[in-house]
Amino acid sequence: PWGTAAESAQGAKREATAAEKAAAAAAPVKVDAWRVKQMPTRMPLAAPNMPSDFTKQYVLLRKDPAGLFGYISLVAPDACPSIFKPEIPAEVLTTVADAIRQHVSKERLPWCIEWLRGVTAVGRFEMTVLMLDAKGQKQLGAMFDAIASFASPEETSTTEALAALRKAFNA
């Protein structure tokens with residue numbers, strides 16, 4: 001009536017498998033709850049004070065170019081070296097370049113130039129740019145093309161600044 005030892009072991013294995021399946025099914029719900037908890041919607045975004053602050057928000061905003069552009073707008077250009085410490089990762093650089101490319105405007109042009117100057121002061125910047133793959137270089141080039149489209153040729157200081165930044169970014 002109770003079955004053999006082999007049948008009991010098989011039944012325990014089936015129960016463990018069912019428990020594992022239930023845990024796997026619950027995992028996405030837990031991850032979504034964590035994301036909501038990490039990004040409170042009632043509180044406005046604040047400028048990051050340290051690298052980990054930026055990283056937390058970057059992870060949440062990296063697939064939202066408008067949100068990421070808004071967030072990096074909070075970072076003062078002179079704060080870039082302390083926020084992107086010890087370096088700005090290539091993935092962050094290219095994701096930010098895409099956000100800037102998509103959301104730059106005539107009004108935001110001076111800020112973009114100053115912010116990109118701030119990024120050039122980040123530690124190991126030259127090495128990060130040198131190590132970018134062809135896709136990353138193309139993304140940087142597209143960003144500078146978008147920024148340049150808002151600069152008028154009469155503004156020589158702007159065009160010279162863009163040329164110097166393009167050279168620094170190797171784009």
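I started at Thr-95, which sits in helix H5. Helices here are DSSP runs of H or I with at least four residues, and strands are runs of E with at least two, numbered from the N terminus. I was looking at a predicted model, where local features need pLDDT of at least 70 and side-chain atom pairs count only at pLDDT 80 or more, while totals for chains, interfaces and linings use all residues. Residues are numbered from 1 along each chain as its sequence is written, and side-chain values use heavy atoms, with hydrogens and water left out.

**Confidence**

I checked pLDDT next (the predictor's confidence in each residue, from 0 to 100). The chain has a mean of 85, with 77% of its residues at 70 or more. Confidence is lowest in helix H1, residues 5–38, at a mean of 62. It is highest in helix H5, residues 90–103, at 97.

**Back to Thr-95**

Buried or exposed, I asked of Thr-95? I got a relative accessible area of 17%, so Thr-95 is buried. The cut-offs are under 20% for buried, over 50% for exposed and in between for partly exposed (1.4 Å probe, protein chains only). Leaving aside neighbours within four places in sequence, I found Thr-95 in contact with Tyr-58, Arg-62 and Leu-68; contact means heavy atoms within 4.5 Å.

I followed up Phe-84: setting aside neighbours within four places in sequence, Phe-84 is in contact with Phe-54, Val-92, Trp-115 and Val-122.

**Surface patch**

I logged a nonpolar surface patch of about 370 Å², made by Met-127, Leu-130 and Met-131. Patch residues have over 30% relative accessible area and no salt bridge; like charges are joined within 9 Å, nonpolar side chains (Val, Leu, Ile, Met, Phe, Trp, Tyr) within 5 Å. Areas come from the Shrake-Rupley method with a 1.4 Å probe, and for residues only the protein chains shown count as cover. Met-131 is in the loop between H7 and H8, and Met-131 is exposed, at 64% relative accessible area.

**Salt bridges**

How many salt bridges does the structure hold? I have five on the page, each a side-chain nitrogen of Lys or Arg within 4 Å of a carboxyl oxygen of Asp or Glu.

- Asp-98 and Arg-101 meet at 3.7 Å, N to O. They are three residues apart in helix H5, so about one helical turn separates them. Asp-98 is buried at 19%, whereas Arg-101 is partly exposed at 33%.
- Arg-117 and Glu-114 meet at 2.3 Å, N to O. They are also three residues apart, in helix H6, about one helical turn. Arg-117 is partly exposed at 39%, and Glu-114 is partly exposed at 37%.
- Arg-166 and Asp-145 meet at 2.9 Å, N to O. Arg-166 lies in H9 and Asp-145 in H8, so this pair ties together parts 21 residues apart in sequence. Arg-166 is partly exposed at 25%, and Asp-145 is partly exposed at 46%.
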